[in-house]
Structures are given as structure tokens and as C-alpha cells.
Amino acid sequence: MTDLCWLCQKNNTLIYRSANLSEEEKSKRLLEQEEHLRVVHLGRSLYNNMVTDAKRACKKNNIKDLGPAPPCSRPMSQHYSFDFAQQVHLPSNPLQPGPLYFLVPRKVVLFGVCCEGLPKQVNFLVDEAHTISKGSNAVLSYLHYFFEHYGLGETDVNLHCDNCSGQNKNRFVLWYCAWRVAVGLHKSITLNFLVTGHTKFAPDWCFGLLKQAFRRHAVSSITELESVVNESAVCNQAQVVGKEDGTAIVPFGDWQKHLKPFFKPLPGIKKFHCFRFHADSPGKVHVQEAPDSPEREVDLFSIGVCETQLPRTPPKRINPPGLDLQRQMYLFTKIRDFVADEWKDVVCPPPAPTRAET
């Protein structure tokens, strides 16, 4: 199944209905669709070329697994793609009991970062009690943790993601990339966005294998889900963000407040698809509307800021919210009966007030 591009659907519908139009109007509609597909092809070719180069770099350096590796310890380029998948629910059973269909079990958010050079994907399993949002703070927290614990130590990194402005295409992700380059964690970064409606890429492949395995197994807890993910395919690896009891493993940082005093927004960010950062131009981003468009340099530093003023310490942590008393009661009274006995007190324990409620 391919992505559904609304612009393609609109253009194709107009072309189908153009039988009684003038030749000039027909040509105009065809040219609009041809230009759209040309840009799509350029973006896809750029992605494929970066993946090919990443695989070649791993083979040349005899890299067969993910890190950790110290930043900039290998003079090479590597490619990573990241995305959210549709959330799953626990408990899950291939022979789903009828009543469970109408209930809302415990939710688990999935976020994947794929190293296409190997290929290998780290899947962050985010229990409902640890879900802060799907916004930029979450994306940057997972990305930063990935680079620290799974990165290959490359000097130059190419990133691909979809065009979702709330998660990826926003000022905070740009600021984070500029910050990483300015403080020496990478020599250069390119951040590339696939055209909306044409965003199928490696994370979707890994998520598909994960979901196939998930549907074949009875899964009650995060621990069982972790095993299913690890056994789903050689390309998949699980990283639990936090346990059901509130124990946090992957820290959430307030990257927005951490970087805001030092950077300013990029005007017209939504029209650009390619962004490039380099250590020779700290705080600056080179932007393109398409891979073959002219580059334009934009300064992201706020007035009077230079790279020596940037923070080297991690951002302030955001504590997981936990489950409110109402949600705990719902899980305990409605969902507990469907959970395997050994996990009942883990997934659906008796309700207890959270710190915020006390």
C-alpha cells in the first residue's frame, strides 16, 4: 500500500475531468502534476542515494551493529530516519475477546530511529504513563538518547523524516541540529523532509515487521512487548522508555526552553524541504525548497549569541505525568480481567493517587 497524496488525487481528478476543456487548460493541469512528481522523484532519489552511501560507509568501516560510540570518532557519513508509528494497546490477544474491542486498554506509543546503513531500527516503547506528548520535546529526547546510546560516532549525519510540523518540521528540531553541530557533536547535519503523501521509508518497513509479530502473540505488558519487538526481525531492537510502575529509563528533556534563549525562528519554514548545518558556519542553516533548488543561508542565532555561549549540559528533565486516578480506575475495573495473571498487578494495579493529585 502506498501513501495517499491529496495533491496527486486533486490533480488526477482534474485531469480526468478535463475532456471538455481547452488544450491550454489541459496542458496547465498536466504540467502542475508533472512538476509535483518531479519534486517527489528528486526527494526519493536523494533519500535512496543517502541510504546507499550509508551502507557503503558501514561496509567500509566494518560496522555490523549499533553503538554507542563517542561523537565524531569515525570520519564518515551515516543516515538515520525517524518516525512515529500508530500506537498499540496492552493487553493484546490474537484471539481477541469480544468485549475488549469496545474498551480502551493501556496505550503504548511507538517511535523508531532507523540506521539504514546496517540496517537496524531502535523502537522506543513509550508506556501511557510516560507519554508527555508527540511534540518536539519527545522527538528530540528520543533522538538525543539514540545518538548517545546507539549512534555510530559518525562526523556527518543525514536525517530523513516526514513533514509533520508538530513533531519534526519546526523551529525546535532545527535548533537542536544547529546546537549539535555548534557544540561539536557532529561536523555536519542535513535534515531532509519527504514530500507530504510520499513518505514511505525504512521506519515503515521495520514497523510493519513489528506489527506482524505483535498480532501473532498474546502480549500483556511492556516487558512482553519488548521481547516481541526484539524477536520480530533482525532489524528491530526495543528500547523501553519507562516501566508501568513509573520507573523512567529514557529521560525527557525540555529542549524547547533549553534552546529558546539562543536561537530565533526560521521564517517560512514549511516551504523548505532540505536543511544543512555545518561546523564551519555555526548557528547558520542552508535551506532549499527542493533538492535541486538554490541554497539560501539563514542565521538562527539570536542577536548577540555565539557558539561559545551555548549550553553543553543536558536540558532540565520533564517528569512523566503518570496515570490519573480516573484512568487507573478504568484499567483496574475494565481491563484487568483481560491481562495474564502474572501481569495483572503490573499493568492494571489497584488505583493509587499520583503525586500531582496528592
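# Pockets, a cavity and helix contacts in a predicted model

By class, eight nonpolar, six polar and two charged residues make up the lining of the second largest pocket. The structure described here is a predicted model. The second largest pocket holds about 450 Å³ of space. Its lining consists of 16 residues, of which Val88, His89, Ser92, Gln96 and Phe214 are the closest to the centre of the pocket. Two elements, strand 1 (74-90) and helix 5 (202-216), each give two or more residues to this lining. Strand 1 provides the largest share, with four residues.

A search of the whole structure finds one cavity of 30 Å³ or more. The largest cavity contains about 80 Å³ of space. It is lined by 13 residues, and those closest to its centre are Gly43, Phe193, His273, Cys274 and Pro291. Helix 2 (23-60) and strand 5 (188-193) each supply at least two residues of that lining. Helix 2 gives the most, with three residues. By class, the lining of the largest cavity comprises eight nonpolar, four polar and one charged residues.

**Helix pairs**

Helix 2 also takes part in a contact with helix 1 (residues 6-16), where the two axes come within 9 Å and cross at roughly 155 degrees. Helix 1 is therefore roughly antiparallel to helix 2, since angles over 145 degrees count as roughly antiparallel. The crossing of helix 1 past helix 2 is left-handed. On the side of helix 1, the residues in contact are Leu7, Cys8, Asn11, Asn12, Leu14 and Ile15, and they meet Arg29, Leu30, Glu32, Gln33, His36 and Leu37 of helix 2. This contact has six nonpolar, four polar and two charged residues.

Helix 5, which contributes to the lining of the second largest pocket, is paired with helix 6 (residues 222-232); their axes come within 9 Å and cross at roughly 125 degrees. Helix 5 is therefore oblique to helix 6. The crossing of helix 5 and helix 6 is right-handed. Leu209, Leu210, Ala213 and Phe214 in helix 5 meet Leu225, Val228, Val229 and Ser232 in helix 6. The residues of this contact divide into seven nonpolar, one polar and no charged.

The crossing geometry of the two pairs is set out below.

| Helix pair | Axes come within | Crossing angle |
|---|---|---|
| Helix 1 and helix 2 | 9 Å | roughly 155 degrees |
| Helix 5 and helix 6 | 9 Å | roughly 125 degrees |

**Backbone features in loops**

A cis peptide bond joins Leu90 and Pro91, with omega about 5 degrees. Pro91 lies in the loop between strand 1 and strand 2 (106-115). Another cis peptide bond joins Leu118 and Pro119, and its omega is about -15 degrees. Pro119 belongs to the loop between strand 2 and strand 3 (120-127). Asn62, a residue other than glycine, has a positive phi, near 55 degrees. The loop that holds Asn62 runs between helix 2 and strand 1.

Definitions and conventions:
Residues numbered from 1 in each chain as written. Predicted model: local features only at pLDDT ≥ 70, side-chain atom pairs only at ≥ 80, totals over all residues. Heavy atoms only, no water. 1 Å grid on protein atoms, 1.4 Å probe; cavity = no way out; pocket = protein on both sides within 12 Å on 5 of 7 lines; lining within 4 Å. Points joined across faces, edges and corners; volume = space filled by probe spheres on them. Nonpolar A, V, L, I, M, F, W, Y, C, P; charged D, E, K, R; others polar. Axes fitted to C-alpha atoms, helices over the stretch in contact; angles between N-to-C directions. Parallel < 35°, antiparallel > 145°, perpendicular 65-115°, else oblique. Left-handed = near helix turned anticlockwise from the far one by under 90°. Contact = heavy atoms within 4.5 Å.
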